[in-house]
Amino acid sequence: MQNVENISLNGIWKLNHKKKSIDITAQVPGSVFEALIENNIIEDPFYGNNEHKMSWVYESDWCYETKFDVKSDFLEHSTILLRFQGIDTIAEVYLNGELLGTTENMFRVYDFEVTSRLKANSNELKVLIRSPTKNAREEIKKYKNRLVTSIEALPGAPYLRKGQYSFGWDWGPKLPDIGIWQSVELIGFNNLRITSIYPIQTITYKDPRIIKNLKESSFIAESVKLNVKIEVDSIIENIGNLNYTIRVELKTQEKDIYFNEVSLKEKNQIVELTLDEPHLWWTHELGVPYLYDLTVTILNDGEIIDKRSQKLGIRDIQLIRNPDKWGETFYFTLNNIPIFAKGANWIPIDSFIPRGKKLGLYRKNLKSAKIANMNMVRVWGGGIYEDDLFYELCDELGILVWQDFPFACAVYPHHEEFIENFKKEAIQNIKRIRHHPSLALWCGNNEIEQLWKALLFMSNINDPDMISRFKNSYIDLFERILPELVNKYDSTRPYWPSSPSNGGIRDQIEYVDPNSPDKGDSHFWKVWHGGASFSSYRKFNSRFMSEYGFESFPSLKTIATFCPPEQFDFYSPIMNNHQKNSAGNKKIMRYMRRRFTIPKKFEQQIILSQITQAEAIEYGVEHWRRNRNDFHCMGSLYWQLNDCWPVASWSSLDYFIRWKALHYFAKRFYQPIFPSVKEGENEIEFWITNDLTKESEVQLDWKILNSECKILRNGTYDAIVSPCYSLKVGTLDVSNINYENSIMRNNIIFYKLRDKQNENEITYHGFRLFDSPKNFSLYKPELSYEFEDISDEKPEFKVTINSKNIALYVYIESNIVDFIASDNFFSMEQESRIITIKNINFLNNKDKLINHQELRTLFKVSSLYDLIKK
């Protein structure tokens, strides 16, 4: 009896466009845009204004073709399937001239039965992919509703089950891609095969309570019972009458093996396994994201029929919603520990997703998120269900995932065909993703509940009967169908209907306030979209901040990849095209003017834009982290982590994974033990937040200086900060030193945190002004710096920076290499600071030939003084 066999059809295919006589090679998985770029048919769509020359690509139909042979013994399988893991999006599939079927959903796996259609030699497989934008217009004409995701986006996107962002967003280009974006394979089997493995865990703790003042026993697992649900695809009706066995094996990282082997009785079978004192999976800040190897094997008389393996993290995650004095809590517990979620929103890694995966953007982005102390990312609903690699990396790195279903900022169709198509999509993806320990929550959509009336207006839906149909469909989809599907296929995960939401609207969508700060999660856009000052963050006491943000420009190195030097200007045509938020560049400049003196040089302005962005987000995060007590606020996910192309946006990592100032700030303000200062004209509050499960014994040293470095006040707070707690360690009256505005503006607070349990190591440096930096009298800091090699083998340096006067926003830069510093965009009093520089990569391969001594000359250390000096 033969085993289940898989034959990959990935590799080099043919791609053609008959009308334009284009016949080129293309990688599968891959995309049309990617292939056209590689074959020099089109210029880089990201460069200049080239985006607007690309409409012919997505307005066209494209054909992928390949030929392949199969061995004769493979043809002996009783069932052979042709599987497409993902086609983007509307396509017809032909094998040896015969139409197998069609596809209509980017997010679905399509299986075609080809047992009788396959031959040993010269099989011809053809995939004809139709224009997504033409299809969208056809749907508009058919249903007589011009559904859109925004005024600027290409119309009709909501009709297609395809990444909505690709039709244009306020940070992304209008480049809806086309292609075979996931793997293609043949699957041959006899009688049966494993289709799904879903381990349901029941953990027994030594003390099962969530304890406000945590004790170690509250998160130590005594045992775990695994009910491993195994689904089998088989044509055999009475499978239990045959001599099949099923073996479940769990292997530790130390190579210990636990197993259970039972007779296979049915197509949906549960195999139990119990472990004593298991290793738990944790976010990286709380412990080790420990992963077991889980393997399920079907055997017949000792012969392996099918075998599948996946990683398993043992953990329990809950969304806690309890009534309290403010309204209702909204926070996650991981293995009984209340988690303050710290992270950002995630968008697709590239406008051309397969290319981004090949470039390693998944690992680079997520590794940078971990380095910046993030423990959660939100997969935003205008994108995609992410690639398996994304979830595998989050499992490995100890990062939780908030997963939106792919709906965002639009009214969606209510016809039966659309709903049935989506149900199949949802079931497939719930079952694909559910075994990942990093997955924390399923969320129905992004902002549809909040923006309902505006979305109706945007799509010109004003007939009362039509409004009623769309409203009833919304309620049915997001408050009945989806929660039922999640409960059926992933009953251990919480479901949340929309973001933001207070928990659902039932029939009151016109009247509820989804963004109330007292219940559920919140999006806050008064800062940026509303033009409000940073201080507005302190007036919004959300339960969980799932979206808020502020824009900046990427680095000059990134800008140079899409813009010629003669257009290095905020308002040049190309810079405006790489700013998709209406009047966004003007808004960046307007906020900068509030805070800083504006330098004349473009390259200095873009650095200042990053500092302004970082200041804004820091201001909000500090406030919400101080508010974690009694679970008042338990999450901060800023918009956004990454970019899908080089652009001015809200990201902290640009398209090339270059860290903006915000990402360095995030590394500081997301530290698990974090001091902050709440400044006022007459009073200062000093706070220390501890997100860990053990108390922290620390020392907070502080001083208030004037701009001439004269010490006005200083002191120290010794504190023992309880686990999962924010402690106000002191309050200081400063009315006697801030008695006039002109004096107050020239005063500055410096503070540093020491770990008393680790030889008084300094773990944090911070500062706070009482007013805007432009009102602080800066003197030349007279920065000096020296390099020292860390390694003889690879270019890594230790830089000692000295400042003779106060230096604000000291930053290390290089126009020749990319790098990651241990800290950057920090402020200094009269002191020395040691910074390490690693991950050095040359922009030009020729420069790799220089020695370490020459390499040091490629770095420069500057500060705000250098940016604004005349």
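## Terms and model

In the residue classes used here, Ala, Val, Leu, Ile, Met, Phe, Trp, Tyr, Cys and Pro are nonpolar, Asp, Glu, Lys and Arg are charged, and the others, Gly among them, are polar.

This is a predicted model, where local features need pLDDT of at least 70 and side-chain atom pairs count only at pLDDT 80 or more, while totals for chains, interfaces and linings use all residues. Residues are numbered from 1 along each chain as its sequence is written, and side-chain values use heavy atoms, with hydrogens and water left out.

## Cavities

Here a cavity is a set of points on a 1 Å grid over the protein atoms alone where a 1.4 Å probe fits but cannot get out, and its lining residues have an atom within 4 Å of a point. Points are joined across faces, edges and corners, and the volume is the space filled by probe spheres set on them. That gives four cavities of 30 Å³ or more.

The largest cavity holds about 130 Å³ of space. Its lining has 13 residues, with Glu618, Arg668, His765, Gly766 and Phe767 nearest the centre. Sorted by class, that makes five nonpolar, three polar and five charged. Helices (H or I, at least four residues) and strands (E, at least two) are DSSP runs, numbered from the N terminus. At least two lining residues come from each of α13 (602-626), α14 (661-669), β35 (761-769) and β40 (826-828); β35 gives the most, with four.

Next is the second largest cavity, at about 90 Å³. Its lining runs to 15 residues, and Asp88, Met106, Asp177, Ser351 and Ile353 sit nearest its centre.

Two strands count as paired if DSSP finds at least two bridges between them.

Thr79 has Phe189 in β10 as its bridge partner.

## The β6-β7 hairpin

Strands β6 (residues 90-95) and β7 (residues 98-104) are also antiparallel, with six bridges between them. Ala91 stands opposite Thr103 in β7. Two residues lie between the strands of this hairpin, and Asn96 takes a positive phi near 50°.

Terms used:
On a 1 Å grid over the protein atoms alone, a cavity is a set of points where a 1.4 Å probe fits but cannot get out, and a pocket is an open set with protein on both sides within 12 Å along at least five of seven lines; lining residues have an atom within 4 Å of a point.
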